[in-house]
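Dear colleague,

I am passing on the structure below, and my notes on it follow. Please read them with the coordinates open beside you.

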Amino acid sequence: MRPHDPSSIVAEKALVHSHFLERDVKIDFFLPREMDDPEHASLLLVNDGQNMNELGLENILEDLYTEGGIRPIVIAAIHASSSRKIEYGTAIQADYLGRGAKAGLYTQFTRRELLPMIENKFPGLYFSEKAFAGFSLGGLMALDIVWNYPGEFITAGVFSGSLWWRSLDHEHEDYDDDLHRIMHQQIRNGKYHPNLKFFFSTGSLDETHDRNNNGIIDSIDDTLSLIGDLESLGYKDEKDIRYINYEDGKHDIATWARAMPEFLKWGWRK
């Protein structure tokens with residue numbers, strides 16, 4: 001039975017101590033009070049959980065459930081710390097400035113501490129589908145985890161993702177987009193994993209940088225390039241990949257709030 005009123009959304013808070021990150025991590029949960037099929041539930045992890053109030057996630061969910069637009073989802077919004085730029089990134093390596101040095105530890109926290117805690121918290125639910133989403137650098141981190149653990153996750157949501165993440169400064173004379181963008185390299189060197197799905201959103205006002213002077217801002221250029229890499233492995237547009245660009249969209253929570261319902265409807269449409 002889907003929710004019919006605002007009180008049908010259950011919002012809970014939890015705290016999990018991470019030995020990997022050496023800190024307490026705050027988690028905000030959002031879930032419908034009634035679950036249609038507890039044995040085939042869906043779990044969505046979201047980075048930068050501290051921004052969910054500003055994003056209006058609870059209201060977004062209420063509207064979608066009232067419309068009957070999506071299947072029930074348990075959402076776990078993970079609060080970032082002051083070390084966000086160190087904990088988010090790509091686990092395989094840090095960027096050229098050393099940012100993302102703890103991304104591997106964040107991955108271990110997610111898989112070995114957070115997921116077991118969630119399973120213990122909701123013992124009556126079996127999560128047959130797991131997804132991960134994030135914004136900007138948090139979107140890169142979400143994609144990195146989904147890509148490297150396709151047996152555990154099936155969907156990545158990347159909102160204005162930091163897909164420029166690179167191993168060499170773009171102003172270095174040897175810099176090459178095809179060699180030094182870390183996430184792109186992972187995908188190019190990877191293989192097709194059946195059932196994986198990818199949602200991307202950007203805004204034409206995300207930024208003004210255009211490092212290759214092709215008239216397309218880097219945010220869009222890097223996203224389209226990565227989609228091309230996925231397609232070269234066999235992923236299909238619309239079937240496996242959904243991309244939305246907002247012409248008036250910015251690199252901000254208001255734009256991501258517009259994209260969130262589209263992501264949820266695409267991934268969990270009834």
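In which helix does Thr110 lie? Thr110 lies in helix H4, where helices (H or I, at least four residues) and strands (E, at least two) are DSSP runs, numbered from the N terminus.

Before going further, some words on the source: this is a predicted model, in which local features need pLDDT of at least 70 and side-chain atom pairs count only at pLDDT 80 or more, while totals for chains, interfaces and linings use all residues. Residues are numbered from 1 along each chain as its sequence is written, and side-chain values use heavy atoms, with hydrogens and water left out.

The protein chain has a mean pLDDT of 94 (pLDDT being the predictor's confidence in each residue, from 0 to 100), and 97% of its residues reach 70 or more. Over residues 1–6, however, pLDDT stays under 50, and for this stretch the model has 13 contacts beyond four places in sequence, a contact meaning heavy atoms within 4.5 Å. Where pLDDT is low, the predicted coordinates should not be read in detail.

To return to helix H4 (residues 103–121), its 19 residues should span 27 Å at 1.5 Å a residue, and its end C-alpha atoms are 25 Å apart, which agrees; the expected span is 1.5 Å times one less than the number of residues. Thr110 is buried, because its relative accessible area is 0% (buried means under 20% relative accessible area, exposed over 50%, partly exposed in between, with a 1.4 Å probe and protein chains only). Not counting residues up to four places away in sequence, Thr110 touches Leu45, Leu115, Phe132, Ile145 and Phe153.

Turning to the strands, seven of the nine residues of E5 (residues 127–135) are buried, so E5 is largely enclosed by the rest of the structure. Strand E3 (residues 41–46) runs parallel to E5 and is joined to it by six bridges, with Leu43 standing opposite Lys130; two strands pair if DSSP finds at least two bridges between them. E5 also pairs in the parallel sense with strand E6 (residues 155–159), over five bridges, and there Gly157 of E6 is the bridge partner of Ala133. Together with helix H5 (residues 137–148), E5 and E6 make a right-handed β-α-β unit, that is, with the strands pointing away from the viewer, the path from the first strand over the helix to the second runs clockwise.

In helix H8 (residues 218–233) one finds Leu226, which counts as buried at 0% relative accessibility. Leaving aside neighbours within four places in sequence, Leu226 is in contact with Leu143, Leu163, Met183, His184, Ile187 and Phe200; the C-alpha atoms of Leu226 and Met183 are separated by 8.1 Å, although these residues are 43 residues apart along the chain.

Finally, two backbone angles deserve a look. Most residues other than glycine have a negative phi. Ser160, which is not a glycine, has a positive phi of about 50°; this residue lies in the loop between E6 and helix H6 (177–180) and is buried, with a relative accessible area of 2%. Asn213 has a positive phi near 55°, but is placed in the loop between strand E7 (197–205) and H8 and is exposed, with a relative accessible area of 67%.

With kind regards
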